Amino acid sequence: MKYAGYLIDLDGTMYRGNEPIDGAKEFIQHLQQTSTPHMYVTNNATSTQSAVIAKLKKFGIDAKEEQVLTSAIAAANYIKEKQAGNQVYMIGEVGLREALEKEGMIVTDEASDYVVVGLDRELTYEKLATACTLIRNGATFISTNKDAAIPTEAGFKPGNGSITQAVAVSTGVKPIYIGKPEAIMVEQALHYLQMSKEEVLMVGDNYDTDITFGIDAQIDTLMVLTGVSTREHLQGGVKQPTYIEENLSTWLARISQVNN
Ligand SMILES: [Mg+2]
């Protein structure tokens, strides 16, 4: 139950919209006091690293840029590693644009090496049409994540997976997905932490992304019941998380007991 490092989801695990979640702050303070490396791993491609840090700060949690891995950053890293061009057409918001430009990509509406699709709350028919045309002309199709719906204060709204599908259905081309539960994101997170799979625990609220991500990568998992998934999601013979907790408070109490 002692892990050298942690991979931690944000929404539904650390906070819910603009509300902090019980125990999140205390848990992170514990990691800081015990010098336990940890990284936030999120499918949210709309926020920049500094926006994520500012949000955590609001809840009394200190984080550094290098501790925040969004699916936008992971997509930019992926494209950079491929060394197959740096002209990118994107559907997305500031978080994606910043991540791409930080890695030297040129974001353009013209002939592109890549089309990257992330959540875009100002999506238009024209953006979809441009993406489809560029993919038909040979651009590689990348999507930051396949989330079908995203929880908001006003209920579930369309997630990036649904935008991606519009382009995929029209072109008949399947995208390369980057975010959780894809292995691309695990590899990058472990690389940043300089740790192996056996040393880390993946913590998250979403069975289909966070927990599947850990299970597929053979990383131990902790599912917290503060977000999307409930105990009902664990029925029907699905692979179980290593641990299940009400929230990070109960997890902290458990590890404090065992490790003392
Ligand atoms: Mg979550």
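Two residues are in contact when heavy atoms of theirs lie within 4.5 Å. By that rule, and leaving out residues up to four places away in sequence, Met39 touches Tyr6, Leu7, Ile8, Glu66, Gln67, Val68, Leu69, Ala189, Tyr192 and Leu193. The structure is a predicted model. Its protein chain is divided into domain 1 (5–43 + 180–259) and domain 2 (84–177).

**Domains**

- Domain 1 is made of two stretches, 5–43 and 180–259, while domain 2 covers 84–177.
- Between the C-alpha centres of domain 1 and domain 2 the distance is 27 Å.
- Seven residues from domain 1 and seven residues from domain 2 take part in the contact between them.

**Helices H3 and H7**

- Helix H3 spans residues 71–82 and helix H7 spans residues 183–193; their axes are 10 Å apart and meet at an angle of about 90 degrees.
- Because of that angle, H3 counts as roughly perpendicular to H7.
- On the H3 side the contact is made by Ser71, Ile73, Ala74, Asn77 and Tyr78, and on the H7 side by Ile184, Met185, Gln188 and Tyr192.
- Sorted by class, this contact of H3 with H7 holds six nonpolar residues, three polar residues and no charged residues.

**Strand E4: Met39 and Thr42**

- Met39 belongs to strand E4, and Thr42 is in strand E4 too, which runs over residues 38–42.
- Met39 has a relative accessibility of 2%, so Met39 counts as buried.
- Thr42 has a relative accessibility of 6%, so Thr42 also counts as buried; the cut-off for buried is under 20%.
- Among the residues that Met39 touches are Ala189, Tyr192 and Leu193.
- Met39 and Leu234 are 195 residues apart along the chain, and their C-alpha atoms are separated by 26 Å.
- Beyond four places in sequence, Thr42 touches Leu10, Leu69, Thr70, Ser71, Lys180 and Met185.
- The side chain of Thr42 also reaches the backbone nitrogen of Asn44, at 3.0 Å.

- Gly5 is in strand E1, residues 5–8, and is buried because its relative accessibility is 0%.
- Gly5 and Ala139 are 134 residues apart in sequence, and their C-alpha atoms are 37 Å apart in space.
- Pro20 is in strand E3, residues 19–20.
- The relative accessible area of Pro20 is 47%, so Pro20 is partly exposed.
- Pro20 touches Met14, Tyr15 and Phe59 when residues up to four places away in sequence are not counted.
- The C-alpha atoms of Pro20 and Gly60 are 9.4 Å from each other, with 40 residues separating the two along the chain.

**Helix H6: Thr164**

- Thr164 is in helix H6, residues 160–171, and is buried because its relative accessible area is 0%.
- Leaving out residues up to four places away in sequence, Thr164 touches Val117, Phe141, Ser143, Asn145, Pro175 and Tyr177.
- With Ser143 there is a polar contact, side chain to side chain, at 2.8 Å from Thr164.
- Thr164 and Pro175 are 11 residues apart in sequence and 7.9 Å apart in space, C-alpha to C-alpha.

- Most residues other than glycine have a negative phi, and most peptide bonds are trans.
- The peptide bond joining Lys180 and Pro181 is cis, with omega about 5 degrees.
- Pro181 is in the loop between strand E12 (176–177) and H7.
- Gln194 is not a glycine, yet its phi is positive, near 60 degrees.
- Gln194 is in the loop between H7 and strand E13 (200–204), and is exposed because its relative accessible area is 66%.
- Gln218, also not a glycine, has a positive phi of about 60 degrees.
- Gln218 is in the loop between helix H8 (207–216) and strand E14 (220–224), and counts as exposed because its relative accessibility is 64%.

Definitions and conventions. Residues numbered from 1 in each chain as written. Predicted model: local features only at pLDDT ≥ 70, side-chain atom pairs only at ≥ 80, totals over all residues. Heavy atoms only, no water. Helix = DSSP H or I, 4+ residues; strand = E, 2+ residues; numbered from the N terminus. Buried < 20%, exposed > 50% of the residue type's maximum accessible area, 1.4 Å probe, protein only. Polar contact = N/O pair within 3.5 Å; in protein donor to acceptor, adjacent residues only side chain to side chain. Axes fitted to C-alpha atoms, helices over the stretch in contact; angles between N-to-C directions. Parallel < 35°, antiparallel > 145°, perpendicular 65-115°, else oblique. Nonpolar A, V, L, I, M, F, W, Y, C, P; charged D, E, K, R; others polar. Domains from an automatic or database assignment.
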